[in-house]
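Here are my notes on the model, point by point. Please read them with the structure open.

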Amino acid sequence: MIKRLVERVQTLFTRKSARVKKEPKRYPAADHRIDRALVSRSAVRVCETLQKAGFDAYIVGGAVRDLLLGVAPKDFDVATNATPEQVKSHFRRAIIIGRRFRLVHVMMGPETIEVSTYRAPVGEEVATDEHGRVLADNVFGQRHEDAARRDFTINAMYYDPTTETLLDYHDGLKDVRRKRLRMIGDPEARYREDPVRMLRAVRFAAKLGFEIDEATRAPIARLAGLIENVPAARVFDEMLKLLTSGHSVACITRLRAEGLHHGLLPLLDVILEQPEGERFVMLALSRTDERVRAGKHIAPGFLFATLLWHEVLKRWKEREARGEHRIPALDAAIDDVLDAQTEKLAIQRRYTSDMREIWMLQPRFERRHGGAPYKLLEHLRLRAGYDFLLLRCAAQEAPAELGDWWTRFMHAPAEEREQLVASARALQPAGVARRRRRRRRGHAAVAVPPPA
Ligand code: ATP
Ligand code: MG
């Protein structure tokens with residue numbers, strides 16, 4: 001009780017200072033030591049162009065945070081006092097996007113720089129739902145107001161690449177140095193405005209290896225239920241960011257620890273509540289983390305195929321046990337899972353076709369005789385299906401021998417391939433026969449399709 005009271009008083013003070021903080025601390029290059037080589041040329045050009053036209057323009061948000069941590073930012077955002085129309089008029093390839101808050105995408109070579117106009121504070125005039133969640137706003141503001149609207153102090157710094165000055169309104173630099181994640185303003189009010197910030201807190205803490213400041217952390221467990229009011233698509237986007245952050249295993253451990261699971265995040269329930277699939281899912285996630293950290297691309301379809309594979313397997317087995325043929329049973333099991341899960345998880349349709357293809361390829365890897373394996377080599381999604389197979393082997397859900405065989409087959413010259421097919425023939429009938437016998441014992445009426 002006393003702890004709560006102290007917390008409230010503390011947060012009231014931080015809130016007050018967040019409101020009146022009009023002048024930032026200014027740090028020259030010698031103090032912040034941002035490495036210019038890590039700053040995108042395109043972002044610098046966007047700032048220079050706007051500044052030459054008489055506007056303010058700074059690199060902001062996550063890019064500044066990453067630069068201070070010596071990490072190359074994955075994308076660059078720019079904030080300015082120019083309106084979206086004014087920004088657009090200064091660039092050849094630029095589009096205005098967004099309905100709730102309009103911003104400009106400036107395309108330069110392969111890069112897209114997101115340019116947003118300073119935002120006004122959340123005031124009385126902004127519509128909120130009954131829990132305080134902001135529903136709509138589109139008001140421009142001043143720079144210090146824009147800073148106060150950002151979520152964490154480490155995400156609210158402004159870097160001018162021309163003068164190399166860092167503007168810091170909320171002691172973000174100190175927090176970066178202390179490895180501390182601190183919400184700007186009153187954490188409870190900020191979580192109520194936008195409950196997704198709770199997920200962001202967990203993601204940044206896990207990804208950056210930061211401690212969450214106690215006042216920022218404390219309300220999370222209590223307010224976790226507010227996530228349910230957020231549109232599923234937005235929660236999905238944030239979960240996707242979390243899963244592809246390169247630290248998904250750490251994020252999930254942390255979400256659990258903060259009480260942000262069970263019933264709130266359907267995707268997380270899928271991950272955590274499949275006893276048989278847990279090993280597979282955790283392995284898939286740690287492999288995803290390795291890929292992200294090595295700078296490799298992550299296909300969301302592949303990721304979701306791993307998360308839901310054990311659901312598919314369960315239903316597939318059930319259908320086979322009821323006497324359905326192997327391939328149609330898999331096809332129907334996939335329908336069952338996608339029908340039940342895609343809406344709940346808000347998985348976009350463009351990912352579900354990838355998932356289906358990856359899953360449908362799995363039984364085809366078992367057919368290693370005649371022309372079947374050669375035909376599979378021409379399949380457009382072979383690589384994804386094969387990577388998925390290797391994951392199943394690593395999780396001991398498919399025989400390691402099968403994965404090894406395909407690795408050799410895919411890389412072998414023509415005559416060696418023939419030998420491999422011949423050697424697989426020796427293996428295959430025994431395997432198929434074993435499967436048949438087992439079925440016959442358990443389910444008298446099961447029809448097993450002959451190997452093609
Ligand atoms: P990442 O490295 O994951 O892209 P980021 O900090 O750049 O991290 P973005 O989602 O790209 O995160 O957002 C850019 C910036 O916009 C943030 O740094 C933060 O200042 C602000 N921001 C984003 N989402 C919110 C939010 N829900 N509430 C307040 N500010 C936000
Ligand atoms: Mg970003």
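**Notes on the ligand site and selected residues**

1. Around ligand 1 there are 17 residues, and Lys74, Asp194, Arg197, Arg203 and Lys241 come nearest. A residue is near a molecule or strand if one of its heavy atoms lies within 4 Å of it.

2. Some ground rules. This is a predicted model, in which local features need pLDDT of at least 70 and side-chain atom pairs count only at pLDDT 80 or more, while totals for chains, interfaces and linings use all residues. Residues are numbered from 1 along each chain as its sequence is written, chains are lettered from A and ligands numbered from 1 in the order in which they are written, and side-chain values use heavy atoms, with hydrogens and water left out.

3. Which class does the shell around ligand 1 hold, and in what numbers? There are 13 charged, 3 polar and 1 nonpolar residues. For these classes, Asp, Glu, Lys and Arg are charged; Ala, Val, Leu, Ile, Met, Phe, Trp, Tyr, Cys and Pro are nonpolar; the others, Gly among them, are polar.

4. Polar contacts to the ligand deserve a look. The term covers a pair of N or O atoms within 3.5 Å; within protein, one must be able to donate a hydrogen and the other to accept it, and residues adjacent in sequence count only if both atoms are side-chain atoms. Arg65 places a polar side-chain atom 2.9 Å from an oxygen atom of ligand 1. For Arg200, a side-chain N or O atom is 3.0 Å from a ligand 1 oxygen. Lys207 has a polar side-chain atom 3.4 Å from an oxygen atom of ligand 1. The protein buries 83% of the 580 Å² that ligand 1 exposes when taken alone. Such areas come from the Shrake-Rupley method with a 1.4 Å probe; for residues, only the protein chains shown count as cover.

5. Which helices build the shell? H4 (62–68), H9 (196–208) and H11 (232–243) each supply at least two residues. H9 gives the most, with 5 residues. Helices (H or I, at least four residues) and strands (E, at least two) are DSSP runs, numbered from the N terminus.

6. H11 has 12 residues and reaches 16 Å from its first C-alpha to its last, close to the 16 Å expected at 1.5 Å a residue. The expected span is 1.5 Å times one less than the number of residues. Buried residues in H11 include Val235, Phe236, Met239 and Leu243. Buried means under 20% relative accessible area, exposed over 50%, partly exposed in between (1.4 Å probe, protein chains only).

7. The structure holds 0 disulfides, a disulfide being a pair of cysteine sulfur atoms within 2.5 Å. Cys47 is buried at 0% relative accessible area. Cys251 is likewise buried, at 0%.

8. Check the backbone at two loop residues. Most residues other than glycine have a negative phi. Arg33 has a positive phi, near 55°. Arg33 sits in the loop between H2 (29–32) and H3 (41–52), and is exposed at 60%. Gln396 has a positive phi of about 60°. Its loop runs between H19 (382–394) and H20 (400–411), and Gln396 is exposed at 61%.

9. Is Gln362 buried or exposed? Gln362 is buried, with a relative accessible area of 1%. Gln362 lies in the loop between H17 (349–361) and H18 (372–377). A polar atom of the Gln362 side chain lies 3.0 Å from the backbone oxygen of Ile358.
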